[in-house]
Amino acid sequence: MNRQQPTHSFFVTTVTVALVFLTGCAGNASIGKNQHAELLGQRAIYNDPPLQAYVNRVGQRLVASSDDPNGTFTFTVIDSPDINAFAAPGGYIYVNRGLLAYLDNEAELAAVLAHEIGHVTASHHNRRQAASVTNSVVATTTYVLTGSSDLASASTMYGGELISGYGRDMELEADGLGAQTMHQSGYDTDSLLEVIGVLKDQEQFQRVQSKSGGKPVASYHGLYASHPRNDQRLKTVVKAAGQLGGETQIDDPSVPGEFQRHLEGLVWGKSVQSERTENRYYHNKLGFTFEQPVGWTVRAGSKTIVARAPNGSAELSISIRRRDQKLTPRSVLEKNATGTLSAGVALDQFGLEGYTAVASSGEKSRRVGVVDYNNLSYLFDGKAQDFALEDGVLLSMIESFRPTLPAERQGSSGYYVHYIQVPRGATISSLAASMRIPNADAQLRLLNGLYPRGEPRIGDWVKVIQ
C-alpha cells in the first residue's frame with residue numbers, strides 16, 4: 001500500500017497520542033520488571049502470539065544494530081486502542097495495538113521501536129529524577145489497565161508531563177538515533193517522518209473534535225509546531241542517518257505482505273473480552289484451542305506452534321499445512337512421520353477427525369498425531385526426555401485440540417481491521433457507509449493516509465473496520 005500523505009488519526013472516548021519514554025537508571029530496573037509482571041497478571045497483553053513474535057523479531061533486529069547491540073530488550077503489544085508506544089526501565093518496550101492499526105508497513109513499525117530504543121541507548125533516563133520516572137510508570141500502568149485518564153490524572157501522574165516526554169533536544173536525539181538504527185537495519189529512514197506525521201495529524205484531528213468540548217489537546221511531546229516534514233532539524237537528522245556510509249547496502253528485511261497479514265483481524269477500538277479458561281491456549285486467527293498444562297509456555301510462529309514444559313523436559317510442536325482432501329489423517333501421519341508407528345488410535349473429537357500414534361526410531365519414541373480442521377491439517381510432534389513419563393501429558397494435549405467456541409472467540413461483538421481491494425466506482429464515503437463507528441468517513445481516510453482529503457484508486461488495498 002502506498003501512503004499518499006503521512007497522515008493518520010484515531011478517535012475513541014479516551015485518546016492518547018504520543019511515543020512516551022518512561023525509564024529510569026539501573027537502580028530502577030525493578031520498576032520496569034514489576035510493571036511488566038503487573039501487565040501480564042492483569043492480562044493487558046494483546047492475545048495474538050504470532051503478532052507478538054513478529055513485533056519482537058523486528059525489535060530485536062533493531063537492537064542488534066543499535067548502540068547497545070548486546071542489551072536485553074523485551075517488546076510487547078498492549079491490548080489498548082490508544083495511539084501510543086512507551087518504554088519502561090529494564091528495556092521493556094510497549095506498543096499499543098491502537099497505534100499498529102494506523103501504520104502501513106514494517107518500516108513504520110521499526111520507526112516506532114527504534115525511537116524508543118534510541119531513548120534507552122542514549123541514557124536519557126539519567127537526566128530525569130527517579131521519582132518522576134516512578135510516577136510516570138505507575139500512571140501509565142494505571143491508564144493501560146483501566147483505560148481511564150481521569151484516574152491517572154487524579155494522582156497527578158498523567159497528562160502534561162507524560163505527554164511532554166523529555167523535551168525537544170532529547171526527543172530529537174532519540175529520533176536521530178532511531179533513524180541511524182533503522183538505516184543500519186535496512187529500513188527506510190523516511191518512515192520515521194511518516195510515523196511522526198501519524199501522531200501530529202492525530203493532534204490536529206483531536207483539535208477539531210475538541211473544539212466543542214473545550215478539552216486540552218494532547219501532542220507528540222510538544223515537539224513539532226508544524227508538520228514533521230516541515231521541521232528542518234528533524235529532516236536534517238533523518239537525512240544524515242540515511243546517508244551513513246557502509247561497504248554494502250543492507251537490504252530491506254521486510255517480507256512483502258507480512259505486516260498486512262499480521263494486522264488482518266486486529267481488534268479495533270475497545271478490548272474484546274471472552275469466556276476463556278486459564279489452562280488452555282487459544283489461537284485467535286485460526287480459531288483453535290488446546291490444553292496448556294500448568295507451567296508450560298506456548299510460542300506461535302507463522303507455521304509452527306511450540307508448547308514447552310517449564311524445565312524443558314518435554315515439548316509438543318504443531319505444524320500446519322494445507323489439507324489434502326483425498327488423504328485421511330492416518331495416511332497423512334503414516335506418510336510424514338519418521339520411524340515405526342505403533343499404538344495407533346483414531347481421533348473423533350469435537351467433530352474433528354484425526355489419528356495419533358507412537359513413532360519409534362531406535363531407542364527413542366515420540367508422540368505424533370494429525371487432526372484435520374477446516375482446510376488445514378495440524379501435525380503434532382511430541383518428544384520428552386522421559387517419554388514413558390510424559391507421554392500421557394502429550395496425548396492429553398493432542399486429544400484436547402478443538403475449535404474455539406463462540407463464547408470464547410475474541411471480538412465476536414467487537415470491531416476488526418480488514419483489508420479489501422477498492423472496487424470500481426467506490427469512494428471513501430461509500431466504503432465508510434458500512435463502517436458502524438463514529439466519524440467513519442474521517443477514520444477511513446486516517447487509516448489509509450488520505451486525511452483530510454483524498455480518494456483511493458481502483459484496485460488499491462485499503463483498511464476498513466468491520
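Okay, this is a quick walk through a few local features of the predicted model above.

Housekeeping: it's a prediction, so local features need pLDDT of at least 70 and side-chain atom pairs count only at pLDDT 80 or more, while totals for chains, interfaces and linings use all residues. Residues are numbered from 1 along each chain as its sequence is written, and side-chain values use heavy atoms, with hydrogens and water left out.

Aspartate 188 sits in the loop between helix H8 (167-185) and helix H9 (190-210); helices are DSSP runs of H or I, at least four residues, and strands are E runs of at least two. Its relative accessibility is 44%, so aspartate 188 counts as partly exposed, the class between buried (under 20%) and exposed (over 50%).

Back in H8 we have glutamine 180, partly exposed because its relative accessible area is 30%. Glutamine 180 and lysine 239 are 59 residues apart in sequence, yet 9.6 Å apart C-alpha to C-alpha.

Now the strands. S16 (residues 415-421) pairs antiparallel with S5 (residues 267-268) over 2 bridges; pairing takes at least two DSSP bridges. Tryptophan 268 stands opposite tyrosine 415 there. S16 also runs antiparallel to S17 (residues 461-465), joined by 5 bridges, and histidine 418 faces valine 464 across that pairing.

Note on methods:
Buried < 20%, exposed > 50% of the residue type's maximum accessible area, 1.4 Å probe, protein only.
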